[in-house]
2 protein chains.
Amino acid sequence: MPDTIMSKEPTSNLESAMQMLIKTFHKYSGKEGDKYTLSRGELKELLIEELGSYLGNSKDNEAVEKVMNDLDSNNDGEVDFTEFIILMGALTVACNDFFLEYKTDEKPQEQPKE
Amino acid sequence: MPDTIMSKEPTSNLESAMQMLIKTFHKYSGKEGDKYTLSRGELKELLIEELGSYLGNSKDNEAVEKVMNDLDSNNDGEVDFTEFIILMGALTVACNDFFLEYKTDEKPQEQPKE
């Protein structure tokens with residue numbers, strides 16, 4: 001049997017990141033209904049359990065509804081893998097911007113006068 | 001000092017994946033020239049060291065040039081973080097498709113006749 005991408009041990013951080021994204025999506029998408037898409041309930045569970053500390057108040061239904069409506073570009077009430085990756089990409093870019101802004105805000109320490 | 005997203009320990013696989021993407025990009029982007037973008041040389045190093053086993057023949061210059069030209073949407077010869085995330089997203093979606101196709105191809109085992 002040939003090695004599949006998913007059964008092979010990741011050899012770098014980027015490969016690990018890709019595997020984690022795929023495995024996490026399927027952990028939730030497989031719970032009910034279509035095995036390959038996230039229903040509202042599955043998306044809510046994923047957001048709370050996996051991104052709770054990033055999304056902060058995503059625990060209220062309104063936030064979950066907003067994310068769902070933004071992601072579900074074809075309006076079928078389900079989020080597919082591509083839509084999920086678009087969310088994760090946007091979140092990662094936002095985190096990176098925040099990180100860079102924070103670094104830029106760090107003022108260099110003034111040299112004490114002699 | 002407030003905790004930043006990057007200094008905080010990730011509490012889930014998705015948070016780890018996001019941190020890995022950000023850290024890997026900056027590991028290479030900081031080597032020469034603009035600290036926040038990948039030059040051709042930095043992109044080539046990243047592709048070979050981090051994605052060598054996925055991209056296969058990315059070691060030849062032609063493949064690196066092709067990825068660079070596809071990614072560098074504003075033609076400045078540099079790949080910024082957003083362009084990098086678009087590549088990673090596309091690669092992850094391709095891996096997922098491959099994974100699902102492979103699973104669909106697996107024929108269910110026939111029950112032995114009694």
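Over all chains of this predicted model, the count comes to 4 salt bridges, a salt bridge being a side-chain nitrogen of Lys or Arg within 4 Å of a carboxyl oxygen of Asp or Glu. One of them joins Lys31(A) to Glu45(A), with 2.6 Å between the closest N and O atoms. Because Lys31(A) sits in the loop between α1 (13-29) and α2 (40-55) of chain A while Glu45(A) belongs to helix α2 of chain A, this pair ties together parts that are 14 residues apart in sequence; helices (H or I, at least four residues) and strands (E, at least two) are DSSP runs, numbered from the N terminus. Lys31(A) is partly exposed at a relative accessible area of 45%, and Glu45(A) is partly exposed at 29%, where buried means under 20% relative accessible area, exposed over 50% and partly exposed in between (1.4 Å probe, protein chains only).

Residues are numbered from 1 along each chain as its sequence is written, and chains are lettered from A in the order in which they are written. As this is a predicted model, local features need pLDDT of at least 70 and side-chain atom pairs count only at pLDDT 80 or more, whereas totals for chains, interfaces and linings use all residues, and side-chain values use heavy atoms, with hydrogens and water left out.

In chain B, the side chains of Glu45(B) and Lys31(B) meet in a salt bridge with an N to O distance of 2.6 Å. Here Glu45(B) lies in helix α2 of chain B and Lys31(B) in the loop between α1 and α2 of chain B, 14 residues apart. Glu45(B) is partly exposed at 27% relative accessibility, as is Lys31(B) at 46%. A further salt bridge brings Lys27(B) and Glu50(B) together at 3.5 Å, N to O. Since Lys27(B) is part of helix α1 (residues 13-29) of chain B and Glu50(B) of helix α2 (residues 40-55) of chain B, the pair ties together parts that are 23 residues apart in sequence. Lys27(B) is partly exposed, at 49% relative accessibility, whereas Glu50(B), at 7%, counts as buried.

The structure holds 6 aromatic pairs over all chains, where rings of Phe, Tyr and Trp (its six-membered ring) pair if their centres lie within 6.5 Å, with planes under 30 degrees apart counted as stacked, over 60 as edge-to-face and the rest as tilted. The rings of Phe25(A) and Phe81(A) have their centres 5.1 Å apart and their planes at 85 degrees, so this pair is edge-to-face. With Phe25(A) in helix α1 of chain A and Phe81(A) in helix α4 (residues 81-105) of chain A, the pair ties together parts that are 56 residues apart in sequence. Phe25(A) is buried at 0% relative accessibility, and Phe81(A) is buried at 5%.

In chain B, Phe25(B) and Phe84(B) form a tilted aromatic pair, 5.2 Å centre to centre with 45 degrees between the planes. This pair links helix α1 of chain B, which holds Phe25(B), to helix α4 (residues 81-105) of chain B, which holds Phe84(B), across 59 residues. Both Phe25(B) and Phe84(B) are buried. Back in chain A, ring pairs link Phe25(A), Phe81(A) and Phe84(A) into a cluster.

Confidence remains to be considered. The model scores ipTM 0.80 and pTM 0.80. Chain A has a mean pLDDT of 81, with 78% of its residues reaching 70 or more, pLDDT being the predictor's confidence in each residue, from 0 to 100. Among the elements of chain A, α1(A) has the highest mean pLDDT (95) and helix α3 (residues 61-71) of chain A the lowest (76).
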